[in-house]
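Visitor: Could you walk me through this one slowly? I have not looked at it before.

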Amino acid sequence: MIQFRDTTKMGLQAALSIAIAEFLNLYFNFEKGYWIALTAMALTTQTWGESAKRALERIGMTILGGIVGTIMYFALPANPHLHVGVILIFVFLSVYVVKNTHLMFIFFLTCVVVFMFALIGKWNFDLLEKRIVDTILGALIALCVGFFFFPLKRNIHQLLIFYFNKMNTILIGVFNFPVPMTTRTASDYLNVDLQKIKKEAIGLRLELLFHRLSSTKFYQLLNHLDNCTKYMSTLISSYRLLYRHLDKEQMAMVREIALDTEKNIEILLCHFKKNKENKKLSQEKVTNLILSKIKQNSACFGHLKSKSLGFFSVLHFFAKMNEELIAIDNLMHGDISS
Amino acid sequence: MLISLRTFFWNTDPGYFQLKQGLKTVLAILISLWLLQNETLITKFMAAVASGFSMQGVIARTMISRIKHVIFFIFMYFTAFCLGLLVRDSPLGTAITLVIMGFLVNYIRRFGLEKSIAPVMAWLLCFLATILPFNHTAEAWAHIHGLGVGLLVSALVTIFIFPENYARLFMENTHRFFVELGRGVEAGRRYVLLIHKVDKSQFLNESVKIKKSLRELININQFMQHSQAFAGFEKRINKILLHQYALFNAYTMMIDAYRCLEQYNLSKQNCLQLGRLAAKFAEFFTMLDIKSDYVIKSVSPTPKNLAGLDIENISEVSQIMMLLNLKLSFDIFSQQAGSLLENDPI
């Protein structure tokens, strides 16, 4: 089977969507039917989940923006200079919000369209109604094409497998060497990945509409992933500061706990990859170690001057990280095994 | 006043870049309309649309590559619009052209345009050329100079008006980062001193906002890191970024520790001691300054780490861990601050 790049797939999807839209427009001879092609094109340039999210936003905001724009148009005096001024304000607002809020962007853009069409022709509620219907049609075409024709979907399992593999590699790089890696904090790149996943969360959620993972569980998963990454970042940056102050015994213990955490991630990865191993993640060792060490060293907690106290912080972050890993496994395990 | 106004706009959600882009777009449209003030409505309309659309999509970071982008995009937009005018009289021709263009504008994204909206803008201009209310195509060609003026004006505005100055932006961002961090540590000080009198959720909300702002500043600095604007200073830029990440993580750790502070009955002496230390760090970060050669200077001395906390009577593990983490976050602040001020040679 021929493997196409994503850009080729998007190109083919866009071409097919426009072709269907233009066919409908020509066949049924819609008045102002070109909105169908415009919407279909605008919504076929991303993954299916993202398209679905944007389709909902586009329809909702076309209705709202259209109504607000039309009311404004009729409420304002019929002065072309004033209309140009209003268009410029809405153009500014559209550009201002385009990168952060697609929802508001569509709202302002629809207002621009209302005033632009009023300026060069005519605008009324009848046209608004036609525009809304055409937008819905265009969105439906884009969604159907995106779903059935070279679908660009994100595989949530693959995404998580990639993420945890990266996490494991970073742990190995930091804790399995006498001196931790000092290149640009690898965990910061992990943070960038996490931000991307979170940014696409709604789109991903829509792709999982027919998946067993419920909406609540999906957001819980994101939350645990967020916490896990946070603890790992803190763990790494504090270890870089503290490792010089750890004695041999403490260093050996930290490495052992790091190995246990790596094992936990590997078991989690096995579960994601649907391997039939029935191993369970564990964090008892690290928790018990913290408790016993604190009891043994209770005298040194009388003051907080000793640098070696950082050892307990490192253990604490490992314990917290493992807690989050177990929570993720518990969430996903049921879905994968079913 | 100007600085506080700029800080205000920085803090608005879409941020300074988008504000500038919005203003530049409106400016380009206004200049085009002014240049064509004696022309017909449809010529002005074409110029305004061309200006507005072609202002978007340039993503190059250096002046030379920005000029290359602008020239390529102008050519692309002009061709797309003319193509639309050529086929607009034939419904079938229009449909076929839009379909082929729809494929091409997505296909060419692989050539470094993944994040640019310029290809979609080209398709939109072609689409607009097919729907504009001309009586016949000859009439449209009579107004084509409107398109030329619009594209040219937007090219000049993109290149010459408010061009991005990455070196200055990096310095301003870095300075803002330290000020924000100082504000965050100061908020923590207020919270710890008035632990049972202030609203915890208010403190947490403020901390979340500060964290978000710090994260955005680091992201923008990271984005600019490989720009040629820093030629000769790469090592220093890299070092500053590394410290910013470490300080950000330490701040996150501090907030997490404060989050569970109210569960424990911390002695007045301990609260005062924590407050004193936080005050020193807040002042230190706020006073940090970055010079034009990316050297970091401070007028106040680097605060030393935590001492004098009395936790002899504390037996609960989680409380000990909370205090240890708090201590660690201040230790990291101190170590990173000291290292930042070392300013190694380039």
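**A first look**

Guide: In chain B, among contacts (heavy atoms within 4.5 Å) between residues at least 6 apart in sequence, 80% join residues at least 24 apart. This is a predicted model, in which local features need pLDDT of at least 70 and side-chain atom pairs count only at pLDDT 80 or more, while totals for chains, interfaces and linings use all residues. Residues are numbered from 1 along each chain as its sequence is written, chains are lettered from A and ligands numbered from 1 in the order in which they are written, and side-chain values use heavy atoms, with hydrogens and water left out.

Visitor: How many helices and strands does chain B have?

Guide: Chain B has 13 helices and 2 strands, which are DSSP runs numbered from the N terminus (helices H or I, at least four residues; strands E, at least two).

Visitor: And what percentage of chain B is buried?

Guide: Of the 346 residues in chain B, 55% are buried, where buried means under 20% relative accessible area, exposed over 50% and partly exposed in between, with a 1.4 Å probe and protein chains only.

Visitor: Where is Thr174(B), then?

Guide: Thr174(B) lies in helix 9 of chain B, residues 166-193, and is buried, with a relative accessible area of 0%. Leaving aside neighbours within four places in sequence, Thr174(B) is in contact with Asn221(B), Ile240(B), Gln244(B), Ile290(B) and Ile296(B).

Visitor: Changing topic, how do helix 3 and helix 6 of chain A cross?

Guide: The axes of helix 3 (residues 48-75) and helix 6 of chain A come within 10 Å and cross at roughly 175 degrees; axes are lines fitted to C-alpha atoms, for helices over the stretch in contact, and angles run from 0 to 180 degrees between N-to-C directions. Helix 3 and helix 6 of chain A are therefore roughly antiparallel to each other, since angles under 35 degrees count as roughly parallel, over 145 as roughly antiparallel, 65 to 115 as roughly perpendicular and the rest as oblique.

Visitor: What comes just after helix 6 of chain A?

Guide: Phe150(A) is found there, with a positive phi of about 45 degrees. Most residues other than glycine have a negative phi.

Visitor: Is Asn29(A) buried or exposed?

Guide: Asn29(A) counts as exposed, at 65% relative accessibility. Asn29(A) sits in the loop between helix 1 (6-28) and helix 2 (34-43) of chain A, and has a positive phi of about 50 degrees although it is not a glycine.
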